There are 2 protein chains.
Amino acid sequence: MAKSNRIVLYDLVLDSGCTISPFVWRTKYALKHKGFDIEPVPGGFTGIKERTGGRSERLPVIVDDGEWVLDSWKIAEYLDAKYPDRPMLFEGESMKVLTRFIDQWLWRTAIRVWIRCYILDYHDLSMPQDHAYVRESRQRILGGGTLEEIQAGREQRLPLVPPALEPLRDLLKMTRWLGGDHPNYADYCILAVFLWTASVAKIPPLHDDDPLREYIDRGFDLYGGLGRHPGMHNLFGLPKP
Amino acid sequence: MAKSNRIVLYDLVLDSGCTISPFVWRTKYALKHKGFDIEPVPGGFTGIKERTGGRSERLPVIVDDGEWVLDSWKIAEYLDAKYPDRPMLFEGESMKVLTRFIDQWLWRTAIRVWIRCYILDYHDLSMPQDHAYVRESRQRILGGGTLEEIQAGREQRLPLVPPALEPLRDLLKMTRWLGGDHPNYADYCILAVFLWTASVAKIPPLHDDDPLREYIDRGFDLYGGLGRHPGMHNLFGLPKP
């Protein structure tokens with residue numbers, strides 16, 4: 001049992017203080033799901049290794065009673081293993097496998113397009129000291145061209161995503177949460193994609209009347225509005241073709 | 001507890017005696033997973049209502065100690081609820097939700113194309129007394145044209161499916177079964193798609209060196225080679241482009 005009810009979370013934030021990383025987002029939800037208070041250590045893209053005492057170059061990282069745990073998936077498994085008396089994030093091995101499938105599906109379907117639609121917003125919203133790193137690393141990861149060139153023409157590409165999300169809409173007709181009656185880590189993985197998007201999307205990616213809206217809003221409202229940071233942008237309002 | 005270890009299964013078979021329905025296939029695997037012997041009642045597409053005493057127009061149907069249970073998904077839930085002391089098909093509610101997602105994904109990705117590539121084979125392999133029904137109903141369901149017209153040009157369409165199965169290949173790099181260390185109903189849903197295909201595919205839909213082959217073969221070999229009826233066709237051997 002934790003000595004206190006607080007767990008330290010190394011966060012990855014934009015200049016507004018809003019979390020950007022989808023991996024940190026799902027870890028925030030996981031910690032609240034397990035009933036912990038979060039003691040955030042804010043910071044941007046640069047200096048992660050220094051902030052974590054050389055332990056990690058990536059976030060999230062948590063520290064629980066002096067124990068450091070790295071990687072969002074491993075953190076979720078750690079929390080279930082160490083605190084099995086609290087609500088479980090995972091249901092079992094099969095649910096873990098199938099969560100990876102739907103999560104990867106959503107990344108292929110949405111993030112793969114959206115990253116190229118919001119990469120300049122992502123840069124502009126990051127902390128000033130992160131600008132050079134974000135520009136250089138993202139231009140390299142996305143295969144060349146400037147961030148301005150990559151993002152250009154997004155009005156033509158954004159309408160491709162909503163129709164491709166139909167399988168998720170179909171699924172959510174049958175159930176309130178991917179966890180069943182209550183959300184679990186499968187929901188937090190899916191919500192993290194939309195949380196990431198809302199953190200950077202200066203123009204909305206989804207239509208006003210998207211049936212996903214009810215699920216997304218319900219997810220953002222969990223745990224006292226965990227997904228409602230003032231730095232977040234509106235996901236809904238993409239013009240109809 | 002069942003009075004005997006046998007459960008009656010109303011099967012849906014081709015002229016060879018090979019099961020065709022993917023829903024019957026997954027029920028066969030579910031019954032064997034729970035450790036039951038199957039007492040099959042064979043039959044084709046026509047006369048289902050008469051064979052089941054007016055109880056169902058669709059198969060599978062099982063009869064367990066005089067209790068009739070309809071619909072493959074409900075049969076699986078019934079088996080877990082009635083026989084919780086035997087190996088479980090489902091892990092919990094979240095795994096059920098996520099199984100529906102990957103199953104629907106595979107239908108959209110593979111069956112939607114393959115049904116139009118094999119519909120004439122499907123007709124030709126069915127029992128002679130089923131030919132008229134299969135032709136009429138499938139031409140209607142598939143939106144018109146003759147079965148010959150629908151199937152024509154399949155050599156151009158078949159190569160579209162293997163690349164689209166990459167997300168399943170990626171998942172199976174991480175785990176032996178969708179159930180984790182052992183197969184469960186998520187695996188039987190996925191295997192049922194390939195079992196259906198092998199029951200009707202006079203030319204193969206997958207390449208010889210497809211990494212899915214090991215998983216599919218391992219699944220077909222379960223329970224003493226349950227998927228190895230002599231009426232099945234080879235899934236592997238699609239020419240490379």
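**Note on the predicted two-chain model**

1. Across the interface of chain B and chain A, 14 residue pairs are in polar contact, both residues being at pLDDT 80 or more. A polar contact is a pair of N or O atoms within 3.5 Å; within protein, one must be able to donate a hydrogen and the other to accept it, and residues adjacent in sequence count only if both atoms are side-chain atoms. Helix 4 of chain B gives the most to the side of chain B that touches chain A, with 11 residues. Helices here are DSSP runs (H or I, at least four residues), numbered from the N terminus.

2. This is a predicted model, in which local features need pLDDT of at least 70 and side-chain atom pairs count only at pLDDT 80 or more, while totals for chains, interfaces and linings use all residues. Residues are numbered from 1 along each chain as its sequence is written, chains are lettered from A in the order in which they are written, and side-chain values use heavy atoms, without hydrogens and water.

3. The interface includes 2 salt bridges (a side-chain nitrogen of Lys or Arg within 4 Å of a carboxyl oxygen of Asp or Glu). In one salt bridge, Arg108(B) pairs with Asp170(A), with the closest N and O atoms 2.4 Å apart.

4. Chain B and chain A bury about 2000 Å² between them, 72% of it on carbon and sulfur atoms. Buried area is the accessible area (1.4 Å probe) that two parts lose on being put together, summed over both. Glu91(B), Leu98(B) and Phe101(B) supply 33% of the area that chain B buries against chain A, more than any other three residues.

5. Ser199(B) belongs to helix 10 (residues 185-200) of chain B. Ser199(B) counts as buried because its relative accessibility is 0%; buried means under 20% relative accessible area, exposed over 50%, and partly exposed in between (1.4 Å probe, protein chains only). A polar atom of its side chain lies 2.6 Å from the backbone oxygen of Trp196(B).

6. Tyr223(B), in helix 11 (residues 212-225) of chain B, is partly exposed at 30% relative accessibility. The side chains of Tyr223(B) and Tyr188(B) are joined by a polar contact of 2.6 Å.

How values were computed: Helix = DSSP H or I, 4+ residues; strand = E, 2+ residues; numbered from the N terminus.
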